[in-house]
Amino acid sequence: MSKHQVVLIPGDGIGPEITRAVRRVFEAANAPIEWEEHLAGVSAMEAGNEQPLPDATVDAVKAAGIALKGPCTTPVGHGFTSVNVQLRKRCDLYGAIRPIRNLAGVPTRFDDVDIVVIRENTEGLYSGIENEVAPGVVTSLKVATEKGCTRIARFAFEYARDKGRKKVTVFHKANIMKLTDGMFMRISEEVGKEYPGIEYEQLIIDAGCMRLVQDPTRFDVLLLENLYGDVISDLCAGFVGGLGVVPGANIGTEGAIFEAVHGSAPDIAGKGVANPLAFIMSGVMLLNYLADQRGDEACRAAADRIKKGYNQALADGEKTGDLGGKLNTQGFVDAVIARM
Ligand code: NAI
């Protein structure tokens, strides 16, 4: 089979460093991928684009149907709207999948954590509808649609069924947001009835957070609206070693974009010390997705080689600083490649 055309968006901050790392690992694994680089975010504006998300990048993602994306910085409290959110919306990538598992060689407070966060990507408070209704009074609109709630609930239960998962838990605040979270919860419960082999559970998010930090191993698939999904993803990353080890996929009607959960990490950008593992793992998810969608077993084989490489590296204590190791980005990539 010929190579698969995949859009590669390096992003900014630590993005270009971890992109170089992924390119090296994919090449060493003989992954049948032809990268097509496109810009987004600060790097797109520095290259002279008027918009941080050029139409050419969106068109390329839609044409290829698949992309690997590095983190893009979003100005805090002012400036342009998040490129990451825009991309998910413009490509209608409504479902985020974030697997959070313990890794051998990365000791943490809890063992046996194996949670998959399913986050709704297009609605909620991320609709970006904010208004100043009077001087000193601002509002932000939370949006929930029946269509959006139904498709993400179905996405979560289909995922759970396909992966042999046992339980889907919804965190909500429907006691306060009776219409928006109320609809999310009600529809999730309804959709869940169509999957009798999978237990359905709903928890008010504050109590849910307490239970999560008391014992994360009691959770399986978490189904969350947009903002809760964002916050809980980072919280769960903390159970397994931090943001350096949590990959992600954004799946929708116009294709799929794979990206790590972490951001552009401006505090360490340019120092060559970022952990490239979450981005490499996102690449492994991409290869497995291609294998599933297009039946190319060469993608699966490359994914398995890379996975073996990083699992063995971690088990041997070859780790970056965020995981308590001494390696820099390139050193970790060398260790992975040597074990593939
Ligand atoms: P962040 O995830 O970039 O960093 C949080 C902390 O984790 C920092 O101390 C950072 O050094 C560390 N960290 C993150 N990734 C790491 C890695 N691979 N290796 C080692 N350490 C790592 O979150 P923060 O600081 O809140 O956001 C920075 C920027 O990134 C913001 O502009 C934000 O909007 C953007 N962002 C972009 C995302 C995306 O592109 N999908 C997702 C999250 C944030």
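An oxygen atom of the ligand is placed 2.9 Å from a polar backbone atom of Cys72. This is a predicted model, in which local features need pLDDT of at least 70, side-chain atom pairs count only at pLDDT 80 or more, and totals for chains, interfaces and linings use all residues. Residues are numbered from 1 along each chain as its sequence is written, and side-chain values use heavy atoms, with hydrogens and water left out.

**Ligand surroundings**

- The ligand is surrounded by 21 residues, and the closest are Thr74, Gly263, Ala265, Asp267 and Asn275; a residue counts as near a molecule if one of its heavy atoms lies within 4 Å of it.
- A nitrogen atom of the ligand is 3.0 Å from an N or O atom in the side chain of Glu259.
- Asn275 has a backbone N or O atom 2.9 Å from a nitrogen atom of the ligand.

**Salt bridges**

- Side chains of opposite charge can pair when their charged atoms come close.
- The count comes to 23 salt bridges, a salt bridge being a side-chain nitrogen of Lys or Arg within 4 Å of a carboxyl oxygen of Asp or Glu.
- Lys69 and Glu259 form a salt bridge through their side chains, at 2.7 Å from N to O.
- Lys69 lies in strand β3 (residues 66–69) and Glu259 in the loop between β12 (255–258) and α9 (277–294), so this pair ties together parts that are 190 residues apart in sequence.
- Helices (H or I, at least four residues) and strands (E, at least two) are DSSP runs, numbered from the N terminus.

- The chain is assigned domain 1 (1–98 + 243–340) and domain 2 (109–240), with bounds that come from an automatic or database domain assignment.
- The C-alpha centres of domain 1 and domain 2 lie 24 Å apart.
- To the contact (heavy atoms within 4.5 Å), domain 1 gives 16 residues and domain 2 gives 21 residues.
- About 1600 Å² is buried between domain 1 and domain 2, and carbon and sulfur atoms give 56% of this area; buried area is the accessible area (1.4 Å probe) that two parts lose on being put together, summed over both.
- Lys89, Tyr94 and Arg98 supply 42% of the area that domain 1 buries against domain 2, more than any other three residues.
- Between domain 1 and domain 2 the count is one salt bridge.
- Asp92 and Arg151 form a salt bridge in which the closest N and O atoms are 2.8 Å apart.
- On the side of domain 1 that touches domain 2, the elements giving two or more residues are α4 (83–90), β4 (95–101) and β11 (249–252); β4 gives the most, with four residues.

Note on methods: A polar contact is a pair of N or O atoms within 3.5 Å; within protein, one must be able to donate a hydrogen and the other to accept it, and residues adjacent in sequence count only if both atoms are side-chain atoms.
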